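The following report describes one protein model and the two ligands placed with it. Please keep the sequence and the structure in view while reading.

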Amino acid sequence: PKHYNITLLPGDGIGPEVVSVAKNVLSLVGSRHGIEFGFQEMPVGGAALDLVGVPLPDETLSVAKQSDAILLGAIGGYKWDKNEKHLKPETGLLQLRAGLGVFANLRPATVLPQLVDSSTLKKEVAEGVDLMVVRELTGGIYFGQPRGFSTTEKGEEIGFNTEVYATYEIDRIARVAFETARKRCGKLCSVDKANVLEASMLWRKRVTLMASDYPDVELTHMYVDNAAMQLIRDPKQFDTIVTNNIFGDILSDEASMLTGSIGMLPSACLGESGPGLFEPIHGSAPDIAGQLGLFCLFYLILQDKANPLATVLSVAMLLRYGLQEEYAAITIESAVLDTLNNGFRTGDIFSSGKKLVGCKEIGEEVMKSVIKLFRNR
Ligand code: NAD
Ligand code: IPM
Ligand code: MN
């Protein structure tokens, strides 16, 4: 059979819970599609800090680079929040993205008919939303120099960061966005702050230039503040959105709420070559992982509240974009829909009349759905 090596980076908080479910689903789907997976689990984030004192050990990055695809849970937690910048879990994640060169982050937001009632928006607004945020992931204010802390002449503390984009960084993300839009509905909205920021002025200029290569794609531009409003007012106007690192971070969390829960949204981080990194867009959710004080371990076992479907759907993206295993990706997506059709819901997407289950149990239901799909063939 075909064989792929997958690096698992469970990370912190709910990360290990959701990755464990997604791994089991991936193994099962693989066995049905004649694909064998080898898994290697490596520490990242707070887990790596506790183990070896850095948020991204060299070995984690080198194992990841040598594998066929990488699945990340989430990183971060109260315990490490006061760490110096280079010892923060979040720094490890940024080093990982930069180290892998995954500059393009695809973050789809689809409102499933089964979950329209879980959205906080009116049914007629949310129904049928299907958009893709193409977020630049290895540049902008997250990485720009100069950055740091300093003091003014009066001795007051300052912290500063720089939003910077070079033409090659804009061009390569714009290329991904135009190609993505072309395969979808042919509509691309570039979101920026070109009325104020130089980096955005250059962004708009380069995206506009590239449009001549894509006469079949309808390009529009929107300022980010308006885009944040339009996403709630009339989200169906959007097909593909391309934007910088920080705006993409914020707008994709906003878009997640159209779909019912951030616990549903997967993502794919892709580069020019090398393995892709696949991760839910949500974080380590310390409030439901319960990494509080002495009871850490007990809470983790007792809570079991996390929705693993964002990670399960990230595994579908891993199969589609990382391994070109489209059929296996479709199996996972169909199994998730079947599980929702059967009425199973974690707390974040629960509505009356449905069956409230935990992280593990909804994972088992997805596996049952996979088996059912194959039995019915
Ligand atoms: P978060 O996404 O972890 O949680 C926000 C809210 O959404 C919480 O109420 C949480 O319970 C809920 N939520 C998130 N995922 C869920 C899921 N799968 N099922 C059910 N509910 C879910 O964001 P935050 O609270 O701002 O950040 C917590 C920590 O996670 C911080 O340390 C932050 O830096 C980190 N973080 C990491 C990533 C990542 O690893 N990619 C992403 C975002 C935040
Ligand atoms: C995400 C997170 C990260 C980001 C943080 C944890 C560095 O919010 O993956 O969306 O801002 O990119
Ligand atoms: Mn985020």
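In which loop is glutamine 324 found? Glutamine 324 is found in the loop between α12 and α13 (326-341), where helices (H or I, at least four residues) and strands (E, at least two) are DSSP runs numbered from the N terminus. This is a predicted model, in which local features need pLDDT of at least 70 and side-chain atom pairs count only at pLDDT 80 or more, while totals for chains, interfaces and linings use all residues. Residues are numbered from 1 along each chain as its sequence is written, and chains are lettered from A and ligands numbered from 1 in the order in which they are written.

**Confidence and domains**

The protein chain has a mean pLDDT of 96, and 97% of its residues reach 70 or more; pLDDT is the predictor's confidence in each residue, from 0 to 100. The scores of the model are ipTM 0.98 and pTM 0.96.

Two domains divide the protein chain, domain 1 (1-112 + 262-377) and domain 2 (120-259), with bounds that come from an automatic or database domain assignment. Their centres, taken over C-alpha atoms, are separated by 24 Å. Domain 1 brings 19 residues to the contact and domain 2 brings 26 residues, two residues being in contact if their C-beta atoms, placed from the backbone, lie within 7 Å. On the side of domain 1 that touches domain 2, α4 and β4 (104-110) each supply at least two residues, and the largest share, seven residues, comes from β4. By class, that side of domain 1 holds 14 nonpolar, three polar and two charged residues; here Ala, Val, Leu, Ile, Met, Phe, Trp, Tyr, Cys and Pro count as nonpolar, Asp, Glu, Lys and Arg as charged, and the others, Gly among them, as polar.

**The nonpolar core**

The largest nonpolar core has 104 residues, of which Val25, Leu71, Val134, Val312, Val315 and Ile332 touch the most other members. Such a core is a set of buried Ala, Val, Leu, Ile, Met, Phe, Trp, Tyr and Cys residues joined through C-beta atoms within 7 Å. Helix α12 (residues 309-322) gives the most to this core, with nine residues. Because domain 1 and domain 2 both give residues to this core, it lies between them. Valine 312 touches Val21, Ala22, Val25, Ile332, Val336 and Val366, when residues up to four places away in sequence are not counted.

Val25 is also one of the contacts of methionine 367, which touches Asn24, Val25 and Leu28 once its neighbours within four places in sequence are left aside. Methionine 367 has its place in helix α14 (residues 359-375).

**The two ligands**

A residue is counted as near a ligand if its C-beta atom, placed from the backbone, lies within 6 Å of it. Ligand 1 is surrounded by 21 residues, and the closest are Gly76, Gly263, His282, Gly283 and Asn307. Two or more residues of this shell come from each of α4 (89-100) and α10 (286-289), and α10 gives the most, with three residues. The shell around ligand 1 has 10 nonpolar, seven polar and four charged residues.

Around ligand 2 stand Gly76, Glu90, Leu93, Leu94, Asp249, Ile281 and Gly283. Here α4 provides the largest share, three residues, and the shell divides into three nonpolar, two polar and two charged residues.

**Backbone features and burial**

Most residues other than glycine have a negative phi, and most peptide bonds are trans. Alanine 285, in the loop between β12 and α10, has a positive phi of about 40 degrees although it is not a glycine. Glutamine 324 likewise has a positive phi, near 55 degrees. A cis peptide bond, with omega about 0 degrees, joins glutamine 145 and proline 146, and proline 146 is found in the loop between β5 (130-136) and β6 (148-151).

| Residue | Other C-beta atoms within 10 Å | Class |
|---|---|---|
| Alanine 285 | 26 C-beta atoms | buried |
| Methionine 367 | 18 C-beta atoms | partly exposed |

Proline 275 lies in the loop between β11 (268-270) and β12 (276-278). Residues up to four places away in sequence aside, proline 275 touches Ala64, Lys65, Ser67, Asp68, Ala69, Ile70, Leu100 and Gly322.

Technical notes: Buried ≥ 20, exposed ≤ 12 C-beta atoms within 10 Å, placed from the backbone.
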